[in-house]
Structure formats: structure tokens, C-alpha cells
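Here is a short note to read with the model open beside you. Take the points in order and find each residue as it comes up.

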Amino acid sequence: MANLKWKTPRSKTRSRRAANWKLNPVTTVECPQCHQAKLPHFVCGSCGTYNGRQVVAIKDDHAGHSHG
Ligand SMILES: [Zn+2]
């Protein structure tokens, strides 16, 4: 009996489980500060806090027209 050389047809290789899991929905958690969805273990991109601490200074585009 002849053995199959490939169990998965090469046309299906792209749709195998392992090939696609990275495209799956990204896991997000809610920021306790601004309640926006953010990546877990990452600084919130919205308010710049992590673990209740201000880590990144927020760029305030609305205020700050006066200079000097
Ligand atoms: Zn936030």
C-alpha cells in the first residue's frame, strides 16, 4: 500500500490551525484608569498608565496653544 507523501494537501497548508492562530482576535483587557481596551501587560495607549501608575506622558493636543 502506498503511503501518502503529504497528509495535508498543499493547498490547505495555509488554513491549518497553527498557521492562522496569530490572526485571531487580540486579547485585550480593560484599562482600570480610562476603561479603554488595552493589551495586557502593556502601558495603556489611551491614558498612559500601567498598574495605576502614570508611565507615559499623555500628549495633550487640545490644550497648549500658548507658548512661553
Ligand atoms: Zn487607560
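Which residues does Val56 touch, not counting residues up to four places away in sequence? Point 3 gives the reply.

1. **What you are looking at.** This is a predicted model, in which local features need pLDDT of at least 70 and side-chain atom pairs count only at pLDDT 80 or more, while totals for chains, interfaces and linings use all residues. Residues are numbered from 1 along each chain as its sequence is written.

2. **Overall make-up.** The protein has 1 helix and 4 strands. Read from the N terminus, the order is α-β-β-β-β. Helices (H or I, at least four residues) and strands (E, at least two) are DSSP runs, numbered from the N terminus. The protein has 68 residues, and 3% of them count as buried. Here, buried means that 20 or more other C-beta atoms lie within 10 Å of the residue's own; exposed means 12 or fewer, and partly exposed is in between, with C-beta atoms placed from the backbone. Now look at contacts with a separation of 6 or more: residues 24 or more positions apart account for 0% of them. A contact means that two C-beta atoms, placed from the backbone, lie within 7 Å.

3. **Val56.** Find this residue in the segment after strand S4 (53–54). Val56 touches Val43 and Gly48, leaving out residues up to four places away in sequence. Is Val56 buried or exposed? Val56 counts as exposed because it has 12 C-beta neighbours inside 10 Å.

4. **His35.** Look in the loop between strand S1 (29–30) and strand S2 (37–38). His35 is not a glycine, yet its phi is positive, at about 60 degrees. His35 has 11 C-beta neighbours inside 10 Å, so it counts as exposed.

5. **His41.** Move on to the loop between S2 and strand S3 (49–50), where His41 lies. Its phi is positive too, at about 65 degrees, although His41 is not a glycine. Why does His41 count as exposed? Because it has 8 C-beta neighbours inside 10 Å.

6. **Thr27.** Go back to the loop between helix H1 (17–20) and S1 to find Thr27. Thr27 has 8 C-beta neighbours inside 10 Å and therefore counts as exposed.
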